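This report looks at cores, strands, a helix end and a chain contact. The sequence and structure come first.

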Amino acid sequence: MRYLPKSPAERQEMLAAIGAKSMDELFSSIPERFRLRDALKIPGPYSEAEVIQYFKDRAAENSLGYTSFLGAGVYNHLRSVVTDAIIQRGEFLTSYTPYQAEISQGTLQAIFEFQTLMSQLTGQEVANASMYDGSTAMTEAVLMAERLTGRQRVLVARSVHPEYREVLKTYAKNSGLQVEEIPFAANGTVDQQKLKGALKEDVAAIVVQSPNFFGVIEPHAPLAESAHASGAMFVVAITEGVSLGLLRPPSEADIVAMEGQSFGLPPSYGGPFAGVIASRDKFVRQMPGRLAGQTTDSEGRRGFVLTLATREQHIRREKATSNICTNQALCALAATVHLTLLGKEGLREMAEQNLSKAHFALSELLKIPGVRRTFDAPFFNEFTIELPRSVKIVNSQLSREKIIGPFALGTPYPELTKHALVCVTETTPRAEVERFAGALKRALEQPV
Amino acid sequence: MAYPKTYRYTKDHEWIDVKGDLATIGITDHAQHELGDVVFVELPKPGTKIEAGKSFGTVESVKAVSEIYAPAAGEVLEANGELHNTPEKINSDPHGAAWLIKVRLANPAAVNSLMDAAAYEAYIAEKGKETSA
């Protein structure tokens, strides 16, 4: 089959074959007001040279030469050229979904190894072949808890990534799922008293993120205990996977949802990313998506197959476990290659560098008059500070010094206007942290 | 495999064995053969109300996940827990050891409208011809 545009004659032929007189008749079931009457507003056509120039211009808009202190769900980490070299091999780059095990052993084995790495990192028994991203993985984790408990109320910490909560609310809107948000305490962790107050016998899941959106590490054990005491599932979301190089894995969780971007995927224009969902073996049949499984062939040799796909939408239609019908195979492969190159020690060392550089940055920034630390709970590579003036104005001044400033918390958290979320990873040299502190000091000294 | 003469059968390939107002329900040999190797079953908890013609569980094989439909209305008394660890029994003994649920029927007489063994065998023979045609 060739993927070429159809000629008007071919369109007429196809319309005749299905018994429609015109395109208008074919689309007659779509209400008039939703139909596109004008041509699509797209530029072009361009010649090859013009297309290349267009992309060169766009590439020049990239923040080359800037140092970033922006994290908030997407993190800048070192990546090896080996990762790109491997994922760009045609066998991986162009291969289709590995439904046919006989011709897909390489892809299936890579997915199987990804699952193994993810379950080891998250302290869970089983991880699937990947989800779209962290936000959809977290939402699917909640829906999974809903199926497992038969309950429809979910308690989500406000310290969970605001965009993750938006995605959850979008899914919940027409599904009968009630989402309730739990405030954060003065130290930046979820308010456990408020959480316990809201926790009734009708709660399907408690959802927290750790390190949470403020960079603060949530205490898993007491939260899991509260959830389990009322028959609810304990769901942990992770946006910064590198934290697992140092922090104890959330093994108390019933379901873990993670963003895999930190593992070998660059922070490029919002994606593509790879979501991770991991859980206990006994819940595997309520897990969305698919798994690669290890098996033996008729001659006893090791082989891999796609499994649980029998519960996906293209087979079970409206009875499917979830509406996800694919996975992020290439991004998952990048994560697998990246983590395999790093190894256990490498990941730990990377995590240690994040921790110590972020703590160094905090101590440097606290030397600036008027800068205060917002929350005092332990943090990994992100922390929140309060500035004596608007974060957005400060950031515009920082950008003149080629610094991408911290995330302004005021938009998602109106009570945190003037508070900024600073991210420091292993990619940030000490001298750049000092330059940032100097630039911030100058920005704050400028007359308003 | 023979189809027990005392059972009744549905067009969706379930069997029901009625004794008074109690009944045992399973899937037929034809159904297990069509499904292939069964790897998992999902069954309702005791106390669940089932409705005639409505799905009460699923059977998962290496090829597909299929709904199991209730041949008659009633309340589940017991689900066959053995199948959780040995779902392959559905392939080896579908009319016996691999029963799925035991129920108390709301209206035992309603079962009489289902096919008997001879009618069911004729039904699957006819279906076989359609497929091969």
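Helices here are DSSP runs of H or I with at least four residues, numbered from the N terminus. The model is predicted. Helix α1 of chain A spans residues 8–18, and just after α1(A), A:G19 takes a positive phi of about 80°. The helix is hardly covered: of its eleven residues, the count that are buried is zero.

Strand β12 of chain A (residues 382–386) is mostly covered, with four of its five residues buried.

Strand β11 of chain A (residues 372–373) runs antiparallel to β12(A) and is joined to it by two bridges; A:R373 has A:I385 as its bridge partner in β12(A). Strand β15 of chain A (residues 419–423) is also antiparallel to β12(A), and five bridges join the two. Here A:E382 is partnered with A:C423 in β15(A).

## Nonpolar cores

The largest nonpolar core has 115 residues, of which A:A205, A:I206, A:V207, A:V235 and A:A257 touch the most other members. Helix α12 of chain A (residues 329–365) supplies the largest share of this core, 17 residues. Domain 1 (67–76 + 343–445) and domain 2 (81–338) of chain A each give this core at least three residues. A second, separate core of 33 residues includes B:Y7, B:I16, B:L35 and B:L100.

Leaving aside neighbours within four places in sequence, the contacts of A:V207 include A:M138, A:V142, A:L155, A:V235 and A:A237.

## Contact between the chains

Five residues from chain A and four residues from chain B make up the contact. On the chain B side, three are nonpolar, one is charged and none is polar.

Conventions: Residues numbered from 1 in each chain as written. Chains lettered and ligands numbered in written order. Predicted model: local features only at pLDDT ≥ 70, side-chain atom pairs only at ≥ 80, totals over all residues. Buried ≥ 20, exposed ≤ 12 C-beta atoms within 10 Å, placed from the backbone. Pairing = 2+ DSSP bridges. Contact = placed C-beta atoms within 7 Å. Nonpolar A, V, L, I, M, F, W, Y, C, P; charged D, E, K, R; others polar. Core = buried A, V, L, I, M, F, W, Y, C linked by C-beta atoms within 7 Å. Domains from an automatic or database assignment.
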